[in-house]
Amino acid sequence: MAFENYEVWFVTGAQLLYGGDAVIAVDAHSNEIVKGLNESGNLPVKIVYKGTVNSAKEVTAAFKAANNDEKCIGVMTWMHTFSPAKMWIHGLQELKKPLLHFHTQFNKEIPWETMDMDFMNLNQSAHGDREFGHIVTRMRKNRKVVVGHWQDEKAQAKIAVWMRVSAGWADAQDMLIIRFGDQMNNVAVTDGDRIEAEIKFGWTVDYYGVGDLVESMEKVTEGQIDELMAEYAKLYDIDPKASVDSIREQAKIEIGLRTFLDAKGYTAFTTNFQALHGMKQLPGLAAQHLMAEGYGFGAEGDWKSAALYRTVWVMN
């Protein structure tokens with residue numbers, strides 16, 4: 001699993017009209033689907049079955065619980081039998097996590113020779129998923145719809161993409177971005193409404209002076225620089241004519257940056273060449289190496305690019 005600290009909840013829709021035996025069968029089928037999806041090896045996030053919901057109260061309780069669970073990054077729904085859509089309204093109004101509607105069936109083939117009314121009452125996904133799709137559309141609820149049998153690798157691949165997007169969304173909800181200095185003077189594209197970004201995307205964009213970074217850099221030891229230089233030598237083809245002192249300065253900046261970012265929980269940062277103030281160089285190599293490790297970066301104060309890079313890195 002690429003995202004060990006994340007999980008997606010699987011919620012099955014049904015109703016009590018068909019009796020207790022049907023509820024038991026629905027639960028068994030749902031468990032088998034979740035087990036099969038998890039064991040397919042095609043999904044980056046673990047799916048957790050959260051039971052079958054048979055009433056508006058149960059739907060609302062399941063979605064409220066998903067909202068409050070830090071590990072849950074999204075909810076998958078599947079209508080095994082006919083699940084009346086009105087019972088989903090209040091729950092869908094409550095749900096704040098990404099939603100995937102999985103339009104599938106338990107059986108891969110229709111058992112024409114043995115099919116009877118009991119089978120038809122139980123296996124109504126085609127009917128139930130249409131009913132669910134209607135109410136979600138009428139409520140203008142954003143969601144991903146995946147159509148296909150749960151054992152089909154094409155359907156699993158579409159679920160995997162949604163999972164990665166949901167992981168990026170989850171990471172962004174409390175993303176901390178730091179600006180060392182402000183944006184480049186007279187440039188428009190790096191500007192933006194930081195308050196609106198936090199309201200819409202969850203990004204918190206803070207400011208620190210370059211002097212705070214320099215203070216962190218001054219605590220870097222020669223031994224730490226030597227260790228990072230050895231890593232650079234493995235990763236990069238270094239021109240023998242290059243200035244070793246300049247590369248060592250980049251290593252010092254990187255260590256100071258990482259220490260500062262990690263101490264305060266920042267996963268993205270920006271710099272500005274017009275605001276060096278005590279730094280000998282811009283963090284070129286340092287920023288590149290940190291980006292490879294997942295830190296978002298934006299040049300000239302571009303905090304939007306820094307945030308988007310971080311999100312794309314998480315999804316990948």
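Guide: Two strands are said to pair if DSSP finds at least two bridges between them, and with that in hand we can read this structure, which is a predicted model.

Visitor: Which residue stands opposite G298 in β9?

Guide: The residue facing G298 of β9 is T270. The pairing of strand β8, residues 268-270, with β9 is parallel and extends over 3 bridges.

Visitor: In what order do the strands of the sheet with β8 and β9 lie?

Guide: The sheet is an open one of 4 strands, with the order β7-β6-β8-β9 and parallel pairing.

Visitor: How many bridges join β6 to β7?

Guide: These two strands run parallel and are joined by 5 bridges, and within the pair I177 stands opposite V205 of β7. To pass from β6 to β7 the chain goes through helix α7 (residues 194-201), and this β-α-β crossover is right-handed.

Visitor: I would also like to learn how to read a pair of helices.

Guide: The general idea is that two packed helices are described by the angle between their axes and the distance between the axes. In this structure, helix α10 (residues 244-264) and helix α11 (residues 284-292) pack at an angle of about 50°, and their axes are 7 Å apart. That angle makes α10 oblique to α11, and α10 passes α11 in a right-handed crossing.

Visitor: Which residues of α10 and α11 meet?

Guide: From α10 come I247, Q250, I253, E254, L257 and R258, and they meet G284, L285, A286, H289 and L290 of α11. Sorted by kind, the residues of this contact of α10 with α11 are 6 nonpolar, 3 polar and 2 charged.

Visitor: Why are α8 and α10 described as roughly perpendicular to each other?

Guide: The axes of helix α8 (residues 210-217) and α10 cross at roughly 110° and come within 8 Å. Angles of 65 to 115 degrees count as roughly perpendicular, and α8 and α10 are therefore described in that way, as roughly perpendicular to each other. On the α8 side the contact is made by D212, L213, S216 and M217, and on the α10 side by E249, K252, I253, G256, L257, T259 and F260. The residues of this contact of α8 with α10 divide into 5 nonpolar, 3 polar and 3 charged.

Visitor: What is the strand order in the sheet that contains β1?

Guide: That open sheet has 5 strands in the order β2-β1-β3-β4-β5, again with parallel pairing. The strands at its edges are β2 (46-53) and β5 (144-147), each of which pairs on one side only, and neighbouring strands are turned by 25° against each other on average, direction ignored.

Visitor: Which residue is the bridge partner of F10 in β3?

Guide: The partner of F10 is M76. Strand β1 (residues 7-13) and strand β3 (residues 72-79) pair in the parallel sense over 7 bridges.

Visitor: Which strands do helices α5 and α6 lie across?

Guide: Helix α5 (residues 125-138) lies across β3 and β4 (99-103), and runs at about 150° to β4. Helix α6 (residues 153-172) lies across β1, β2, β3, β4 and β5, and runs at about 145° to β3.

How values were computed
Residues are numbered from 1 along each chain as its sequence is written. This is a predicted model: local features need pLDDT of at least 70, side-chain atom pairs count only at pLDDT 80 or more; totals for chains, interfaces and linings use all residues. Side-chain values use heavy atoms; hydrogens and water are left out. Axes are lines fitted to C-alpha atoms, for helices over the stretch in contact, and angles run from 0 to 180 degrees between N-to-C directions. Angles under 35 degrees count as roughly parallel, over 145 as roughly antiparallel, 65 to 115 as roughly perpendicular and the rest as oblique. A crossing is left-handed if the near helix is turned anticlockwise from the far one by less than a right angle, and right-handed if clockwise. Contact means heavy atoms within 4.5 Å. Ala, Val, Leu, Ile, Met, Phe, Trp, Tyr, Cys and Pro count as nonpolar, Asp, Glu, Lys and Arg as charged, and the others, Gly among them, as polar. A crossover is right-handed if, with the strands pointing away from the viewer, the path from the first strand over the helix to the second runs clockwise.
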